[in-house]
Amino acid sequence: MNGQWIKEAFHDTLPEDFHGGVRWQSPSNIALVKYWGKKGQQLPQNPSVSFTLSQCRTETTAFFEKSDRFGLHFRFEGRENAEFQTKIRDFLMAQQDCFPFIQQLDFHINSRNSFPHSSGIASSASSMSALVMCLLEIERLAKGEKNIDLRKASYFARLASGSACRSVFPKMALWGATESFQGSADEYAVPLETAMAPVFRTYHDSILIVSDAKKAVSSRAGHALMETNPYAATRYAVARNDVAELLEALRSGDLTTFMRIVESEAMQLHALMMCSNPPFLLMHPNTLRIINAIRDFRGETDIPVCFTLDAGPNVHLLYPEQHAELVERFIMDELERYCAGGQWIADRVGDGPFKC
Ligand code: PMV
């Protein structure tokens, strides 16, 4: 696939006065079937499915001007940030075969998140997809093309940060080859927007911030531990099956199956962490209190609200729009007390990246 982009790459010398600025916002996404375990060059061991979010976004502005060599000056929320600068530099350097114009530009890149930095929400999906949208926008300007190819954006977002490849599509995305979906691939995500029942298009995701501490184990280290996890092969087979069943539930609007798979996937992700070598635990006592309260609430009210977890202690409550008022009251009355500083984010399914 890299070969295709190298063939299509813009190899010309940029005009001496080539300069400008591009700005993109791109959202985070929450996986329903989890990607946990990779192979090769950022390829997933199993397919995954996610909701694209709306409120949790990164805005990236890239100013560029013609130069005799590559340069990068990066600021995150107004300040220099050596860790992010290195990540971005490494990514841009690694993509020079496909984007040779990188060597002819001096970049000033500024980035900021719409969600609090200390919310424990991983920003790599939103930040890396926003960066890739900016890069493709600059390429579009250099080539004088009309549109950005989202499949290409997804491909490069994946190389920047695995699950970021799912953030470029509106509503929902599927990443990873599966027989259950024609056109699916390991190299990039595909949109699921036309394969979902109306109820999911406006789904809510209330993100309960149980702890705002930085993650104890990075997802890079977590993926690596799957290489020696004794349950890995079983996990990948179960995930493949979960994707097939979930895709069917998404098409038909079957909320019971949806909730069963989504909660099982969250539990499996954390179970895999607990049986890694060495084992690790990213849940917090309040994570369990919230899960139990959600299950009680669902039992008492019959409201189809379920939870999922990312690689951390925060809990995502997923529910249809029509129940938003009652679920938000429940969060304020019963769950806010378990959140760090009472913080939670009222997010929902969103429309993907946009240019601003
Ligand atoms: O994209 P990464 O390498 O940060 O891995 C993401 C892993 C999970 O968030 C736990 C699951 C997922 O599919 O998003």
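**Close-up views of a predicted model**

View 1. A polar side-chain atom of Asp310 stands 2.7 Å from an oxygen atom of the ligand. Taken alone, the ligand exposes 390 Å², of which the protein buries 91%; accessible areas come from the Shrake-Rupley method with a 1.4 Å probe, and for residues only the protein chains shown count as cover. Arg166 also has a polar side-chain atom 2.7 Å from a ligand oxygen atom. For His223, an N or O atom of the side chain is 3.0 Å from an oxygen atom of the ligand. This is a predicted model, in which local features need pLDDT of at least 70 and side-chain atom pairs count only at pLDDT 80 or more, while totals for chains, interfaces and linings use all residues. Residues are numbered from 1 along each chain as its sequence is written, and side-chain values use heavy atoms, with hydrogens and water left out.

**View 2. The shell around the ligand.** The residues around the ligand include Ala31, Lys34, Tyr35, Trp36, Gly162, Ser163, Ser219, Leu269 and Ala311; a residue is near a molecule or strand if one of its heavy atoms lies within 4 Å of it. By class, this shell has five nonpolar, four polar and three charged residues. Here Ala, Val, Leu, Ile, Met, Phe, Trp, Tyr, Cys and Pro count as nonpolar, Asp, Glu, Lys and Arg as charged, and the others, Gly among them, as polar.

View 3. Trp36 lies in the loop between strand 1 (19-33) and strand 2 (38-39). Helices (H or I, at least four residues) and strands (E, at least two) are DSSP runs, numbered from the N terminus. The relative accessible area of Trp36 is 5%, so Trp36 is buried (buried means under 20% relative accessible area, exposed over 50%, partly exposed in between, with a 1.4 Å probe and protein chains only). Leaving aside neighbours within four places in sequence, the residues in contact with Trp36 include Ser219, His223, Leu269 and Ala311; contact means heavy atoms within 4.5 Å.

**View 4. Thr60 in strand 4.** Thr60 belongs to strand 4 (residues 48-66) and is buried, with a relative accessible area of 2%. The side chains of Thr60 and Ser111 are joined by a polar contact of 3.2 Å. Such a contact is a pair of N or O atoms within 3.5 Å; within protein, one must be able to donate a hydrogen and the other to accept it, and residues adjacent in sequence count only if both atoms are side-chain atoms.

**View 5. The nonpolar cores.** In the largest nonpolar core, of 84 residues, Val49, Phe51 and Phe258 touch the most other members. Helix 3 (residues 124-143) gives the most to this core, with 10 residues. Apart from it lies another core, of 23 residues, among them Ala266, Ile290, Phe307 and Val315. A nonpolar core is a set of buried Ala, Val, Leu, Ile, Met, Phe, Trp, Tyr and Cys residues joined through side-chain atoms within 4.5 Å.

View 6. Lys171, in the loop between helix 4 (150-160) and strand 8 (172-175), has a positive phi of about 65° although it is not a glycine. Asp302 likewise has a positive phi of about 65°; Asp302 is located in the loop between helix 9 and strand 11 (306-309). Lys171 counts as buried at 12% relative accessibility, whereas Asp302 is exposed at 69%. A cis peptide bond, with omega about 5°, joins Asn277 and Pro278.
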